[in-house]
Amino acid sequence: MNSALAPPSTLTSLPHQKLHSFRSPPSLPSSASMTTTTARGSLAVTAAATTTLREGIAEFYNETSGLWEEIWGDHMHHGFYDPDSSVQLSDSGHREAQIRMIEESLRFAGVTDGEEEEEEKKIKRVVDVGCGIGGSSRYLASKFGAECVGITLSPFQAKRANDLAAAQSLSNKVSFQVADALDQPFEDGTFDLVWSMESGEHMPDKAKFVNELVRVAAPGGRIIIVTWCHRNLSQGEEALQPWEQNLLDRICKTFYLPAWCSTSDYVQLLQSLSLEDIKYADWSDNVAPFWPAVIRTALTWKGLVSLLRSGMKSIKGALTMPLMIEGFKKGVIKFGIITCRKPL
Ligand code: SAH
């Protein structure tokens, strides 16, 4: 059954996961070796490692965002596909799949654009945490007529996102700035919708990340996290297998990622904060056609020329894409959505 169409999972159906500390001592010395320890019990990292990682992420997106936009447009996230779709989609088909990812995420979280919604349930203020060049923000602002603010570590992205908003006459609704998701420049309880589309995997301290999402959410506000995870550990397992960890480490180096965690880890974090209506799903099957499609576009003449022009970070990123496919195929990488509501 399509997991997206399945009834939302409940906490009682969690696989055997032990509660473990998300605030255990930092142990990761540098961005290059940030994943030498597994996520379990070691989701926080040293301040120095965090700074190195933050700079690496900013440089990575400063360098690669132009290339991505040229080939794939303004959404820097996976597409959502029917799991059994064997059709080779056109470029526009993949772009539609990226929009569908936004729509499916809203639907899963029970967020509607609600003409019929009561005034106080309408989405009026949105924060897009890890906003890329603002594709989600502009889409959500237009869909809900909401004000949307996006944050990214990359100055290139923030500028490009603001320029695109101006070009689409949306500057009165959306704005973008450089800010850290782990220390957001917003008052407590500001946003009706807290949106994190494929940015959680970059966060070196998942507990701090989730705490910030919850802090800036308004009472009754909805939080949506769509993110790369590693598989849930089974009962009695303390860590991933060495070959699995090795695969993730190689991905982390080029994509500037710290230690990964599982969907269950996120759910337990949300549970520990007494959030309501926690739901999660594994959408790995729904994103399977994505990386093969990205690789195909990289191998076109236009793709190769743009890649070479873009620089080493882009080239290394492209060479890492097959590892993502391998990770999904072998069940080490999972594409998860986790959502909850902040109590009133
Ligand atoms: N959500 C966007 C972009 C995903 S790419 C989209 O769907 O199009 C990941 C984004 O996360 C980048 O914009 C990167 O700058 C941002 N990011 C990573 N770590 C961050 C942090 N600590 N604070 C703010 N943004 C961060």
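Visitor: Which part of alanine 181 lies 2.8 Å from a nitrogen atom of the ligand?
Guide: In this predicted model, a backbone N or O atom of alanine 181 is the one that lies 2.8 Å from that nitrogen atom.

Visitor: And what lies 2.8 Å from an oxygen atom of the ligand?
Guide: That is a polar side-chain atom of threonine 152, while a backbone N or O atom of glycine 132 lies 3.0 Å from an oxygen atom of the ligand. The protein covers 98% of the 570 Å² of accessible area that the ligand has on its own, where areas come from the Shrake-Rupley method with a 1.4 Å probe.

Visitor: Before we go on, what should I know about the model and its numbering?
Guide: Residues are numbered from 1 along each chain as its sequence is written, and side-chain values use heavy atoms, with hydrogens and water left out. Because the model is predicted, local features need pLDDT of at least 70 and side-chain atom pairs count only at pLDDT 80 or more, whereas totals for chains, interfaces and linings use all residues.

Visitor: Changing topic, is strand S4 mostly covered or mostly open?
Guide: Strand S4 (residues 191-197) is mostly covered, with 6 of its 7 residues buried, that is, under 20% relative accessible area with a 1.4 Å probe and protein chains only. Helices (at least four residues) and strands (at least two) are DSSP runs, numbered from the N terminus.

Visitor: Which strands do bridges join to S4?
Guide: Strand S1 (residues 125-129) runs parallel to S4 and is joined to S4 by 3 bridges, and strand S5 (residues 217-230), also parallel to S4, is joined by 6; pairing requires at least two bridges found by DSSP. Aspartate 128 has tryptophan 195 in S4 as its bridge partner, and phenylalanine 191 stands opposite alanine 217 in S5.

Visitor: Where is methionine 203 then?
Guide: Methionine 203 sits in the loop between S4 and H5, and counts as buried because its relative accessible area is 8%. Methionine 203 and proline 258, although 55 residues apart in sequence, are 6.8 Å apart in space, C-alpha to C-alpha.

Methods:
Buried means under 20% relative accessible area, exposed over 50%, partly exposed in between (1.4 Å probe, protein chains only). A polar contact is a pair of N or O atoms within 3.5 Å; within protein, one must be able to donate a hydrogen and the other to accept it, and residues adjacent in sequence count only if both atoms are side-chain atoms.
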